[in-house]
Amino acid sequence: MMIQIWILDPVTLSIVVSGLMLFVALVIAIVISLFRGGKISTEGSEMYIGGENEDVLKYRVPSVIALYWGIVKRAWRKAFEYLRDAVHTGVLNDWYGFMSSWLGFLLLIALIAILVYLIM
Amino acid sequence: MINEYLYTLFVAIVFPGLFFMIAIALFSEWFYRKVVARMQNRMGPAYTGPMGILQPLADILKLLLVKEVKKQRYSSLILAEVGMAIAIASIIVSVFMLPISPLRFSAPYDIVVLLYLYAVWHFIGLAIAVLAYPNPFVIAGLSRLIALTVVIEPAIFSSILVPAILTSTNCLPIYSILCISTNSWRLWFNSPLTFISMFLALLSIIVATQAKLGLKPFDIPEAEQELIAGHITEYSGSILALYNLLHDIKLAFSALLITYLFLGGPYPYRHLSITGITLLVIKYIAVLYILSLLRASFGRRRIDQGIVMIMKYSLIPSIAALLISIITLII
């Protein structure tokens, strides 16, 4: 078997592999639509909600974002509580101090990165 | 020129593209089911083909050719199929960057391109396919999947960075999959520090892969006792066949990725030698065996326990490995 190595630049590689991905996806989609034929069930088109009627959905349910934040807050409870207590003390100066110290820290990292880049 | 196009077509469709990945994926599912069955004192697949090896293929074909696909009132079958096709294709194309492909695509820093396919496009395809069948259980499952992905992907990225950093001094193209794969086996013997960082990174990527594949103890988005089937509640027929195939292909690719990036694939031997192929197969089977063993040894965790577990056994070890590898590089 003939082995070929294509050394490209990262942007060209991204374009080439994305193009190949679309081609393979197209082949899969065509094959599946050919195999599936007309076997689409017309019975029971309602949503499956554990046997309930769709009317139950009119009640308020947590949004996706709320579910996501709920999970994050439960898993990262300590970090979340620390941040909340640090930022939300009710004193404006605390919030100002917290935000400026973080932004100052980021600025410091950026300056160090620039210096390292210039020196190296 | 035409020959080159034909060769690329062969690589994309036959080896190591669509057909090869489907074959290796079905074998991986059979092996995984056999190991799990053995641990649970069952037979596992036994009747279709020798030792039941054709059972996963029979399952897929039955779903595809015999079973009807249910069209729900709010669903879009075409969108679900397109999403699944994108998710499967993103994994298949990722294989072209591994040295198993006779046509190897490489570039400096191509680990980012690999993650662009394996993490970003795969997830986009899956999310499109899942949201094509709207349902409260599906939304809850997808929400859990997103929460897990937020922790899993950084862990996978930092684990892959470890061999990339350690091989970056003496190999070109820098930070490339090709470079990491061909040199990673040396890192285990270089020095105690490289050994420790490789071991931590390997541990980390195995746990993260287990979670990415949704295997126990991380089958939280599908949690059948709570969410029916979570993000795949409404799937049936051909679309369920595609989902199962996607899962198997992801299993096979993840095992291949660990085999090449952390265990060195067939190296120091060549691919087209008996010793090389034997070594590659042994490493691949060992990775599959560990993933199956973990799957059979744990029960499902709650979502917050699952996230904490991934952070503790995957994200933190991978960051520690990253720091050790940077220290090794400086020393």
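The legends below describe close-up views of a predicted model.

**View 1. Helix α10 of chain B.** Helix α10 of chain B runs through residues 237-261, and its 25 residues, at 1.5 Å a residue, should span 36 Å, which agrees with the 36 Å between its end C-alpha atoms. The helix is mostly covered, since 24 of its 25 residues are buried.

**View 2. The largest nonpolar core and B:A89.** The largest nonpolar core holds 127 residues, and those with the most contacts inside it include B:A89, B:M84 and B:I249. Leaving aside neighbours within four places in sequence, B:A89 is in contact with A:M21, A:V24, A:A25 and A:I28.

**View 3. Two cis peptide bonds in chain B.** Most peptide bonds are trans. B:F15 and B:P16, however, are joined by a cis peptide bond with omega of about 0°, and B:P16 is found in the loop between α1 and α2 of chain B. Another cis peptide bond, with omega of about 5°, joins B:K216 and B:P217, the latter lying in the loop between α8 and α9 of chain B.

**View 4. Two tyrosines with positive phi.** Most residues other than glycine have a negative phi. B:Y109, in the loop between β2 and α5 of chain B, has a positive phi near 60°; B:Y109 is partly exposed, because 14 other C-beta atoms lie within 10 Å. B:Y175, in the loop between α6 and α7 of chain B, has a positive phi of about 55°, and B:Y175 is buried, because 20 other C-beta atoms lie within 10 Å.

Notes: Residues are numbered from 1 along each chain as its sequence is written. Chains are lettered from A and ligands numbered from 1 in the order in which they are written. This is a predicted model: local features need pLDDT of at least 70, side-chain atom pairs count only at pLDDT 80 or more; totals for chains, interfaces and linings use all residues. Helices (H or I, at least four residues) and strands (E, at least two) are DSSP runs, numbered from the N terminus. The expected span of a helix is 1.5 Å times one less than its number of residues. A residue is buried if 20 or more other C-beta atoms lie within 10 Å of its own, exposed if 12 or fewer, and partly exposed in between; C-beta atoms are placed from the backbone. A nonpolar core is a set of buried Ala, Val, Leu, Ile, Met, Phe, Trp, Tyr and Cys residues joined through C-beta atoms within 7 Å. Two residues are in contact if their C-beta atoms, placed from the backbone, lie within 7 Å.
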